[in-house]
Amino acid sequence: MLFALFPGHLVPDVEQLMVGFVGMDRDRDRAIFLSVEVEVLATVLTTTCPLCFAGLILLFYLILYMFLAGMFSFCIYGLLLTLSPYTPTYRDRVSPPGVMIRPYLHGFTIAFNVSEPSTWTPYVNSMHHFLQAYDDNIQEEKNIECPAGQYFVQDGAESKEKKACQFKRSQLQNCSGIEDPTFGYSTGQPCILLKMNRIIGYRPGYGTPVSVNCAIQKGNESALKSVDFYPGNGTFDLMYYPYYGKLTHVNYTSPLVALHFTDVKKNDFVPIQCRLNGEGIVNNVTNDRFLGRIIFTLSIGM
Amino acid sequence: GLTSARAAEILARDGPNALTPPKSTPEIIKFLKQMVGGFSILLWVGALLCWIAFGIQIAQGVASAFDNLYLGVVLALVVILTGIFAYYQEAKSTNIMASFSKMIPQQALVIRDGEKKEVPAEQLVVGDMVEIKGGDRIPADIRLIFAQGCKVDNSSLTGESEPQSRSCDFTHENPLETKNIAFYSTTCLEASPFLPGTATGMVINTGDHTIIGRIASLASGVGNEKTPIAIEIEHFVHIVAGVAVSIGVLFFIIAVSMKYKVLDSIIFLIGIIVANVPEGLLATVTVSLSLTAKRMAKKNCLVKNLEAVETLGSTSIICSDKTGTLTQNRMTVAHLWFDDQIYSADTSEEQTTQSFDQSSQSWAALSKIVTLCNRAEFKPGQENVPIMKRVVVGDASETALLKFAEVILGDVMGIRKRNRKLAEIPFNSTNKFQLSIHETEDPNDKRFLLVMKGAPERILERCSTIMINGEEQPLDRERAEAFQTAYMELGGLGERVLGFCHLYLPEDEFPDTYPFDTDSMNFPTSNLCFVGLLSMIDPPRSTVPDAVSKCRSAGIKVIMVTGDHPITAKAIAKSVGIISANSETVEDIAKRLNIPVEQVNKQDARAAVINGMELKDMTTEQLDEILINHSEIVFARTSPQQKLIIVEGCQRQDAVVAVTGDGVNDSPALKKADIGIAMGIAGSDAAKNAADMILLDDNFASIVTGVEEGRLIFDNLKKTIAYTLTKNIAELCPFLIYIIASIPLPIGTITILFIDLGTDIIPSVALAYEKAESDIMNRRPRHKKKDRLVNEQLAVYSYLQIGILQSVGAFLAYFTVYAEQGWLPNTLLGLRVSWEDDYYNDIEDSYGQEWTRYQRTYLQWSGYTAFFVSITIQQVADLIIRKTRRNSLFQQGLLRNKVIWVGIFSQIAIALILCYGLGSVTALNFTPLRVQYWFVAMPYAILIWVYDEIRKLFIRQYPGSWWDKNMYY
């Protein structure tokens, strides 16, 4: 490495230098002679050409950092080799699953005034946008129908492309946006879609489908009189699990549960907490308010 | 005397008769100084920024606002705690001194209201009449009105080692010279056991108005300059603070121009500051210095000011006293001359026998004279004390002779009893001899023995014969010349020579009952028989020549400054090696070449002996010329005031000057010197107060061991700082990459503090225990301005080489943790904004899994922990490479410094506790880490070690080369 410190044309006899630098030659005289030569070289450089000297240092650091960058890249490359492209090594941090809702603009307060369409159109647009992938014809075209009530386990090579089960928009019934393209926002009975976070290989409920319930988070319970759940009483069917990762499970669409808030106190902020219920689901951790549950506020103006 | 009422009045007017202690800084100021010194300001700024960020965020309703509040509090706590620690350390070393200055309150016998009264010396006032007896300390400046056999020891004031007699006669206009004034804090001596000196005098000055008081205030007027290590640490703080501020500001600007919010940019700035400041380092330096101070105290160097530990190490000139420091401070018989031959006596500290040839009859005669013609006596009750340590009543020469005789003959007092003394003429300065007449112990020999000693030429004048091999022979010309040669030779050695002669008085002329009368001298005092010469010197301490040669090889110039005669000074200087055997002074060359002194080329003379009188007439340029041109210098017959001039001269040569001193008059020089060394035994309180260091055994050799320790700590502090600075880059890089590449934050600010103040503290102190790499006493003292504690090479090597290496290793661990959880490196780039979005709870990772915010945060903490663990692991390697700067680890050995191992184990233990023990405490941001992540950075740790071994190999192989110049710190 050291002789690379000197610009090529200044090192006339690399082999000779090698001997000196590597220090295998026990001949001290020669080594001293060499070090003198190096010394002279360096002095010549410093005195006659300060820029060359600065260049020498820059060159040294260039080489050092290139070496480090190379070694780092090599290590990262090695690291990537040990990883499977299909399944992460560990999944203990991402499970149990978290929960998210749609529409999602920013934050978890869904506030609109029925009489002013401009206040709810963004929500409706967000829902439509999100549900595009669930259009019945797209689902029918890309995904297969699966037997309900059991996990859709696909054996075979890990690298084999996995089939995904159909989740049609129409299954959301009143919240599908087909009959009512405003998802009930225009009538003050908004739909909210609830989605469980995807985790590779995770089988929620251990055989029993996970269900959803919603309640007032705190305050007057009469503010939330009725909620309708679609599909199937607000459960995530087992056939949508397990998830095999985005590389092989290309067309996978997360199953959804639509919450249809048909009777919510108007003109007030109503904090609602929806929880997943099922075996293996954790929904009461103080630090993580999105783990197995979600809290949002409805504020519907009339 | 005064009346009590009048005395009280004057006391109220003049104040108590005590020296005002030097003004000390109030404790609270000292404390506050610790709070704002060093890096504290930078950390206060960090804390303040934290609170500002907290204020803004709380107003915006950001959930994580309290993190900033806590961080601010933690930073403030760090400053306050390290401040308290530094304050405590300083207070502790000051306390050592406080015990020194405590003195037993002195009493004085004063005549008030016509009665003798004992009052505390503090209450003396001008006009009081005081009585003093032998052994007392003089309680104030007094004018004597009655004195009897009173001698005072003025050595602490004027440097004269001979006691001065005092009488009530006015003899000189200069108050310092006149005999009728005795000075505050000097001691009245017991002139002889038979005649205790007494004196009565009137107080003329009290307290700060006394001569001593004036000198003391002069000393406090001499400015206290910054110690070299303080300058070095300041320099280092400037470098680090400069780096911190410039990187901070640079990245603040970068962040703002990258469209980050100003508030976020401020938070980045805090992170950069915290990462850059080695919070624990100043405390570590203090601990290292105090460890060395403790080690030095064991070697009899008591350091008052911690920083002086290192100052001693950078010393390039030592101005040493002669008496007591280089020498044993007691006269000892060094040579004898009898039978026409010079014999050497043993002058070591622990002599128990003398080995020269004692078979001659002449020696028997000589020893009898030495024993009998001597008034000194051992104080009773010291039978079990070694002879050399016994206390003697009598003057220095007589003491030397008494001890010499006791060593050889034993029971001198018994011999004297058996040879009863009949008459005696004590020594006086007019006749310059001492004589006594004794009965002999041989009952058959009825003759009386007359013994005489004195100045050799005077003794010889009175002799007509000389004893050779026990036979009296006529003192012819030839014999007289032999005597002259011997006398000159011994005198040339700087020794005090005494001649001895005797005469057996014929029985018929002096019968049993002969009435000897010393006034009429009715006995012969001429035509005596010359027996021999004895010469005495205050011999060098046996350890000193070795110490001086050590100094010489360490490139330290030793200058002797003494009040003694030039010849004696030169002789001692030669015997301890301050003037080496083959060096010549200008005078020597002149004598050898037989040319006048003026014609000698001054450059030829290595040595110089400068007389105080010459020094007085010298200009500063002339003094500088001497200090530059001569490497071996002795200043003789100097007054303590001239010491200050010499010190200033040395400092003009850019030298770090150590000065030894014991007298009050030395205190300005002690203060002026870069390091003042007071004598623990002989030193006065004023000297001890002015000094930075106290030499408990008064031994010059102890200074040299101190120098060694001081040099070692400088080297080791370099290692400590290099060790500490390295990981700052590994702490800083995460922030920079976080800002530039927008990856999740690799290491948190709190975690950084756990490295700086947790895992790294014990290892960096452990480096203070490192043994020297080579003989540090074989190199030149460091140059104040060129050999910096933190030089460019150290900073560059730590920051840009090992530091970067460490960062790379830690980043590998970081990426590994994220990748194995599903976040591949390419996904992480640019992820920061969504990653930190509190509302975004279903971010997809590289595998399509969705993460909540808290799940991500927890992973981020795992990343912190992995980064932390990797830095810790690589710091172990860093610690091992910092053991040496030049030698291979194999040369230094891994086991010689066991404290290093304590450091390594503590480091790993603390990391384990933080990771697994406190992993569940969310506020600390640690998580229990999978075991394998501890080993991810291991290859980089090994690379650090191998790289450094290669660096050291090239440094050793090619000294002076480009590599050596750029890589050796």
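How many bridges join strand S4 (residues 210-216) of chain A to S6(A)? Two bridges join them, and the two strands run antiparallel. The legends below start from this pair. The model is predicted.

**Figure 1. An open sheet of five strands in chain A.**
The strand order is S2-S9-S8-S4-S6. The pairing is mixed. In general, strands of a sheet pair through backbone hydrogen bonds, either parallel or antiparallel. Strand S2 (109-113) and strand S6 (235-236) of chain A stand at the edges. Each has a single partner strand, so one side of each is left without a neighbour in the sheet. To find the antiparallel pair S4(A) and S6(A), look for their two bridges. Ser211(A) stands opposite Thr235(A) in S6(A).

**Figure 2. Two cis peptide bonds in chain A, from Arg102(A) to Pro103(A) and between Tyr230(A) and Pro231(A).**
Omega is near 5 degrees for the bond from Arg102(A) to Pro103(A). Pro103(A) sits in the loop between strand S1 (99-102) and S2 of chain A. For the bond that joins Tyr230(A) and Pro231(A), omega is about -15 degrees. Pro231(A) has its place in the loop between strand S5 (224-230) and S6 of chain A. S2(A) and S6(A) are the edge strands of the sheet in Figure 1.

**Figure 3. Positive phi at Phe183(A) and at Asn925(B).**
Phe183(A) is not a glycine, yet its phi is positive, at about 55 degrees. This residue lies in the loop between helix H5 (136-142) and strand S3 (191-196) of chain A. Is Phe183(A) buried or exposed? Its relative accessibility is 0%, so Phe183(A) counts as buried. In chain B, Asn925(B) is also a residue other than glycine, with a positive phi near 60 degrees. Asn925(B) belongs to the loop between helix H32 (898-917) and H33 of chain B. Its relative accessibility is 14%. Asn925(B) counts as buried because the cut-off is under 20%.

**Figure 4. Chain B as a whole, with 34 helices and 30 strands.**
Along its principal axes, the C-alpha trace of chain B spans about 135 × 75 × 55 Å. Chain B has 969 residues, and buried residues make up 56% of them. Take the contacts in chain B between residues at least 6 apart in sequence. Of these, 71% join residues at least 24 apart.

**Figure 5. An open sheet of six strands in chain B.**
The order is S2-S1-S3-S9-S4-S7. The pairing is antiparallel. At the edges are strand S2 (115-120) and strand S7 (181-182) of chain B, each of which pairs on one side only. Inside the sheet, seven bridges join strand S4 (residues 141-148) to strand S9 (residues 198-205) of chain B. Asp141(B) stands opposite Asn205(B) in S9(B).

**Figure 6. Glu310(B) in helix H10 (residues 308-314) of chain B.**
Glu310(B) has a relative accessible area of 1%, so this residue is buried. Which side chain does the side chain of Glu310(B) join in a polar contact of 3.1 Å? The partner is Arg782(B). Beyond residues up to four places away in sequence, Glu310(B) touches Pro228(B), Ile229(B), Gly710(B), Ile713(B), Phe714(B) and Arg782(B).

**Figure 7. Helix H27 (residues 792-820) crosses helix H33 (residues 938-957) in chain B.**
Two packed helices are described by the angle between their axes and the distance between the axes. Here the axes come within 9 Å and cross at roughly 160 degrees. H27(B) is therefore roughly antiparallel to H33(B). The crossing is right-handed. Residues of H27(B) that meet H33(B) include Tyr797(B), Ile802(B), Leu805(B) and Leu812(B). On the H33(B) side, the residues include Tyr940(B), Leu943(B), Tyr947(B) and Arg951(B).

**Figure 8. Asp964(B) in helix H34 (residues 962-967) of chain B.**
Asp964(B) is buried, with a relative accessible area of 12%. The side chain of Asp964(B) reaches the backbone nitrogen of Gly960(B) at 2.7 Å. Leaving aside neighbours within four places in sequence, Asp964(B) is in contact with Arg886(B), Ile955(B), Tyr958(B) and Pro959(B). Where is Ile626(B) relative to Asp964(B)? The two are 338 residues apart in sequence and 36 Å apart in space, C-alpha to C-alpha.

How values were computed. Residues numbered from 1 in each chain as written. Chains lettered and ligands numbered in written order. Predicted model: local features only at pLDDT ≥ 70, side-chain atom pairs only at ≥ 80, totals over all residues. Heavy atoms only, no water. Pairing = 2+ DSSP bridges. Helix = DSSP H or I, 4+ residues; strand = E, 2+ residues; numbered from the N terminus. Buried < 20%, exposed > 50% of the residue type's maximum accessible area, 1.4 Å probe, protein only. Polar contact = N/O pair within 3.5 Å; in protein donor to acceptor, adjacent residues only side chain to side chain. Contact = heavy atoms within 4.5 Å. Axes fitted to C-alpha atoms, helices over the stretch in contact; angles between N-to-C directions. Parallel < 35°, antiparallel > 145°, perpendicular 65-115°, else oblique. Left-handed = near helix turned anticlockwise from the far one by under 90°.
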